[in-house]
Amino acid sequence: MTTLTINGESRSIKASPDTPLLYVLRDELGLNAAKYGCGLGQCGACTVMVDGKAVFSCITPVMLLQGRTITTLEGLGTVEAPGPMQRAFIAEQAAQCGFCIPGMMMRAQALLNRVPHATDQSIRAELQPHLCRCGTHMRILRAVRRAAEDMKPKTA
Ligand code: FES
């Protein structure tokens with residue numbers, strides 16, 4: 001049995017150790033924010049954070065994740081109490097179909113954790129691995145900028 005730390009909770013996993021994390025999240029744990037897009041590490045829809053870094057969960061077997069800290073979109077906030085990244089995407093109405101958005105939010109969060117004052121250029125570069133066929137790319141950019149602003153440490 002594999003034990004994983006997901007969104008601050010210790011979870012025992014029944015799936016075999018070579019099962020990709022995405023399947024465990026969605027099928028065993030009911031955490032459905034990470035999406036199945038390509039299953040091949042090529043679209044970004046399944047992105048979560050592992051130890052604060054963006055990772056494609058569709059190609060990451062759970063056996064590599066023991067002792068690591070996994071965060072899914074559910075860990076950034078709830079419907080009742082959305083976190084800053086989620087609030088920013090809502091405020092900018094950045095989702096069109098919305099399928100790619102959870103993965104984009106996770107990678108954007110990982111970026112802002114690392115580089116709180118990320119430039120437009122670095123936000124664009126960071127989100128390159130994420131495929132999106134809708135038309136809200138500028139709204140997504142604005143949402144990440146807004147989240148960065150909201151997350152900035154407030155000085156007195
Ligand atoms: Fe994982 Fe496409 S579903 S990268």
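**View 1. Contacts of P84 in the predicted model.** Leaving aside neighbours within four places in sequence, P84 is in contact with A147, D150 and M151. The model shown is predicted. P84 is found in helix α2, which covers residues 84-91.

**View 2. P84 and A118.** These two residues are 34 residues apart in sequence. In space, P84 and A118 are 16 Å apart, C-alpha to C-alpha.

**View 3. Order of helices and strands.** The protein has five helices and five strands. From the N terminus on, the elements run β-β-α-β-β-β-α-α-α-α. The radius of gyration is 15 Å, close to the 15 Å that the globule rule gives for 156 residues, so the protein is as compact as a globular protein of that length. Its C-alpha atoms fill a box of roughly 45 × 40 × 30 Å, taken along the principal axes.

**View 4. Burial and contacts across the protein.** Of the 156 residues, 40% are buried. Now take the contacts between residues at least 6 apart in sequence: 60% of them join residues at least 24 apart.

Methods:
Residues numbered from 1 in each chain as written. Predicted model: local features only at pLDDT ≥ 70, side-chain atom pairs only at ≥ 80, totals over all residues. Helix = DSSP H or I, 4+ residues; strand = E, 2+ residues; numbered from the N terminus. Rg over C-alpha atoms; globule rule 2.2 N^0.38 Å. Buried ≥ 20, exposed ≤ 12 C-beta atoms within 10 Å, placed from the backbone. Contact = placed C-beta atoms within 7 Å.
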